[in-house]
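Thanks for coming, everyone. Let me put the model up, and then we will walk through it piece by piece.

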Number of protein chains: 2
Amino acid sequence: MDEVSSLREREIIEIIHRCLEEMPSAPISFGDDVSAVSIDRDMLAVLTVDMFVGKTDMPPGMTLYQAARKAVVMNISDLASKGVKPSIVLTSLGLPRGLSREEVEEIGRGLNAGAREYGAYMVGGDTNEASDIIIDCVAFGKTERRNLISRSGAKPGDIVATTGDFGNTACGFKILLEGLHAPKGLKERILKAVYEPKARVEEGYVLARSRSVTASIDSSDGLAWSLYELSKMSGVGFLIDRPPIAPETESFARLHGLDPVNLCLYGGEEYELVLTVKPEKWLEARSLISRLGSELKRIGVVTKEKSLKLSLNGEVVPIEPKGWEHFK
Amino acid sequence: MDEVSSLREREIIEIIHRCLEEMPSAPISFGDDVSAVSIDRDMLAVLTVDMFVGKTDMPPGMTLYQAARKAVVMNISDLASKGVKPSIVLTSLGLPRGLSREEVEEIGRGLNAGAREYGAYMVGGDTNEASDIIIDCVAFGKTERRNLISRSGAKPGDIVATTGDFGNTACGFKILLEGLHAPKGLKERILKAVYEPKARVEEGYVLARSRSVTASIDSSDGLAWSLYELSKMSGVGFLIDRPPIAPETESFARLHGLDPVNLCLYGGEEYELVLTVKPEKWLEARSLISRLGSELKRIGVVTKEKSLKLSLNGEVVPIEPKGWEHFK
């Protein structure tokens, strides 16, 4: 009855968490985007693992190069959300029989590209036979202890912000999995979000050092879920009044009579940072990010009341704690 | 033609290696047991990943608890072979649908046990749906740069040694996979080697600090293959004159008319350290290890001639560079 088909991914993590002895004075809680351990008085080693599984993570049309690159980028994004730059990446591969030399090379080139794009090196790993394509990476970086941003520091009154727009991956999945149509240029821009996600490494690094950010998470499970996790771990709520809808998502939603807010909130596989920022540091944070050629978008405010709400056109509605999840 | 069914694991690693940009001044070569990166002038961060795949790594009769524990131990063994103690372990799980809550708990308890046994903590990871049971761990430790033992420092005249006996896992696989018989007590001792391997963390740590060891590798791919790798990366050869055959292997071989030397050399999934030791430091190294309640066994000598040879009963024969390998 309690099988994995019914056990959700997060229940499995909870069951396993309860079996683990806790490390004394861990620098960051279990369940945050990364794990960390002291390497000396001031410095932390920061690690994250995230597994790319062909069967569930590889949408139609994604090349092996893109898959391998994404497997690296999704790990680097977890470091980015904590303000940490990656220095090395390792990977464990599970490969089905029947891959050609060219396909293995595609994977190799994708792994290298994902790491080098962010200044890191792919330095090692191992290879196994498996039924699926499994590309499991670990990214490592170090950081000063005082610069590590956790998920748990958001305070009522803080500004909720993102490093970019949302919705295009949800549109992309509608195109790839449900066969929805989009004109060529729009389709290309939307699919780029699915096939070639980017991690916000420089943004996270600069923000961590500005001491303006009180909590941060990457948005790989979708905006709504990321907000839910941040709010839960910080013991606060959020009132979102400017959902950061991507222009492509607006167009795609209009074309198909879809709700762009839903596409923006309940997607996933996006790698923007979702942050809370001290109000007195907002302008400074915004200007730091625009100097990188990006934009910090104010999407709402942290509330004392522990609920997730969306205020739109004078109406306030709850944001559901749902998003991308395996074992759905 | 060049498919993964014909591409061997080590060819795949070679193909991928050629796609990777090399990290300048990497503290250890690609293809060693671990990867490492500088964290300050004197210290290195040391990482290793190794994937446990149910289909190929889980022999009949192994429990999920034992599988999870082993998945941790095999990573910790890689650190041990470089003289590094583990501080944290992370794991990426791929789980098939249909696992019960109790089975997930078994995995959780096994992960915890594997880490705590060696003073480390399991601090994080992620969970995914997959067709096989995949338990992919990363172990992290730090070490002084001067104490990292690589695979490449063996010199002619050095003593070749192991931290224990070999052969029992090969016998275990014959019992489990080929149905060979063994009396109860013998069978139990043999299967313990398969189900509950141990990593030689204290041994590796103490030896690294004694500055007696010139090269080291863990023996997860079998003794012959480990010797081959050590010899290749050090540019030397080995003459083995006392293969470290386990007493259980001797008995099992006698029972079935098998060659105990073959069982000792060509097994795998053993986690002893295979080392080369400076002759003038041999007695010191041996005494350090006996103080830990273990035994450092002299099995041969490093030769200038780059070949692997076995000298037994006055006869010298080549040792084949073969052993445990996936994609066989």
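**Two chains, one axis**

Start where the chains meet: 67 residues of chain B are in contact with 67 residues of chain A. Contact here means that the C-beta atoms of two residues, placed from the backbone, lie within 7 Å. This is a predicted model, in which local features need pLDDT of at least 70 and side-chain atom pairs count only at pLDDT 80 or more, while totals for chains, interfaces and linings use all residues. Residues are numbered from 1 along each chain as its sequence is written, and chains are lettered from A and ligands numbered from 1 in the order in which they are written.

For the classes, Ala, Val, Leu, Ile, Met, Phe, Trp, Tyr, Cys and Pro are nonpolar, Asp, Glu, Lys and Arg are charged, and the others, Gly among them, are polar.

Now the symmetry. Chain B superposes on chain A by a rotation of 180 degrees, with 0.0 Å of shift along the axis and an RMSD of 0.0 Å. The two copies are therefore related as by a two-fold rotation axis. In chain B, the C-alpha nearest that axis belongs to Ser131(B), at 3.3 Å. Both copies use the same surface: 100% of the contact residues of chain B recur in chain A. The superposition is by least squares, on C-alpha atoms of residues with pLDDT of at least 70 in both copies.

**How confident is the model?**

The scores are ipTM 0.94 and pTM 0.95. Chain A has a mean pLDDT of 94, with 97% of its residues at 70 or more. Residues 1–5 of chain A fall below 50, and beyond near neighbours in sequence that stretch has 16 contacts in the model. pLDDT is the predictor's confidence in each residue, from 0 to 100.

**Inside chain A**

The domain assignment gives domain 1 (9–147) and domain 2 (159–318). Such bounds come from an automatic or database assignment. Taken over C-alpha atoms, the centres of the two domains of chain A are 22 Å apart. In chain A, 19 residues of domain 1 are in contact with 22 residues of domain 2. The domain 1 side has eight nonpolar, six polar and five charged residues.

Take one residue, Ala45(A), in strand β2 (residues 43–53) of chain A. Is Ala45(A) buried or exposed? Ala45(A) is buried, with 25 other C-beta atoms within 10 Å. The cut-offs: buried is 20 or more other C-beta atoms within 10 Å, exposed is 12 or fewer, partly exposed is in between, with C-beta atoms placed from the backbone. Beyond its neighbours within four places in sequence, the contacts of Ala45(A) include Phe140(A) and Lys142(A), and from the other chain Ala45(B) and Phe140(B).

Next, strand β9 (residues 273–277) of chain A. Five of its five residues are buried, so β9(A) is largely enclosed by the rest of the structure. Leu273(A), Leu275(A) and Val277(A) cover one side, Val274(A) and Thr276(A) the other. In a regular strand the side chains alternate between the two faces of the sheet.

Leu275(A) is the bridge partner of Ala161(A) and of Ser216(A). Strands pair if DSSP finds at least two bridges between them.

Most residues other than glycine have a negative phi. Ser25(B) has a positive phi of about 45 degrees. Ser25(B) sits in the loop between α1 and β1 and counts as exposed, with 7 C-beta neighbours inside 10 Å. Asn313(B) has a phi near 50 degrees, and lies in the loop between β11 (308–312) and β12 (315–318).

Terms used: Helices (H or I, at least four residues) and strands (E, at least two) are DSSP runs, numbered from the N terminus.
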